[in-house]
Structures are given as structure tokens and as C-alpha cells.
Amino acid sequence: MSAQLKSDIGLTQEHSSNLLTASMELAELPSVELGETNHEENVNCQEAYTGLASCLDSYLEAAERDAKRIRAAGLHFLNVDIGLAHGM
């Protein structure tokens, strides 16, 4: 059997989907209401929570972009495989 160089669209779609799913799960944080603790500490925690949520939203945006790029690369190389196969 000869060695073949071949793209794997299924694998690229799987990686794209896994990246997007994991990022979406990571970005989901439950809302937090003001509690009845020391006011200053509560404000500090709320600010930290807001910053973390914002950071995770940014991460999710980047992950969505990268997931699309992975899928696009997989489709591109699938088309290259098809083109080369027809040219043989």
C-alpha cells in the first residue's frame, strides 16, 4: 500500500466543534447578586467577576473565529484533494 497525503475534513470539523463547544462552556458564568457581606469586599468581588466574565467573552470570540478558520482550512484542503484527484 502506498503512502497518501490526504486531508481529513471530519477531523477538522471535529476540532472546530470541540474548540467552540469547550469555549462556550467556559464562557458561561452564573450571575451573581450583591450579598450581605462586607460592602467593600463585595464590591471588589463583583468587579473581579465582571472582569472575568469580560475576559471569557473575549476568549469565546477568539475561539469562534479560530473554529471557523479550522473549518475553512479543512474545506480548502478537501477541495485541493478533489482537484488533484480529478487531475490524475
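Helices here are DSSP runs of H or I, at least four residues long, numbered from the N terminus. With that settled, Arg71 sits in helix H2.

A word on the source. This is a predicted model, where local features need pLDDT of at least 70 and side-chain atom pairs count only at pLDDT 80 or more, while totals for chains, interfaces and linings use all residues. Residues are numbered from 1 along each chain as its sequence is written, and side-chain values use heavy atoms, with hydrogens and water left out.

Back to Arg71. How exposed is Arg71? Arg71 is partly exposed, at 38% relative accessible area. The cut-offs: buried is under 20%, exposed is over 50%, partly exposed is in between, with a 1.4 Å probe and protein chains only. Arg71 touches Gln13 and Ser16, leaving aside residues up to four places away in sequence. Contact means heavy atoms within 4.5 Å. The C-alpha atoms of Arg71 and His15 are separated by 8.3 Å, and the two are 56 residues apart along the chain.

Now helix H1, residues 9-27. Its 19 residues should span 27 Å at 1.5 Å a residue, and the end C-alpha atoms are 27 Å apart, which agrees. That expected span is 1.5 Å times one less than the number of residues. Which residues of H1 are buried? Ile9, Thr12, Ser16, Ser23 and Ala27. H2 is among what covers them.

Last, Leu84. Leu84 lies in H2, residues 39-87. Leu84 is exposed, with a relative accessible area of 54%.

Technical notes: Helix = DSSP H or I, 4+ residues; strand = E, 2+ residues; numbered from the N terminus.
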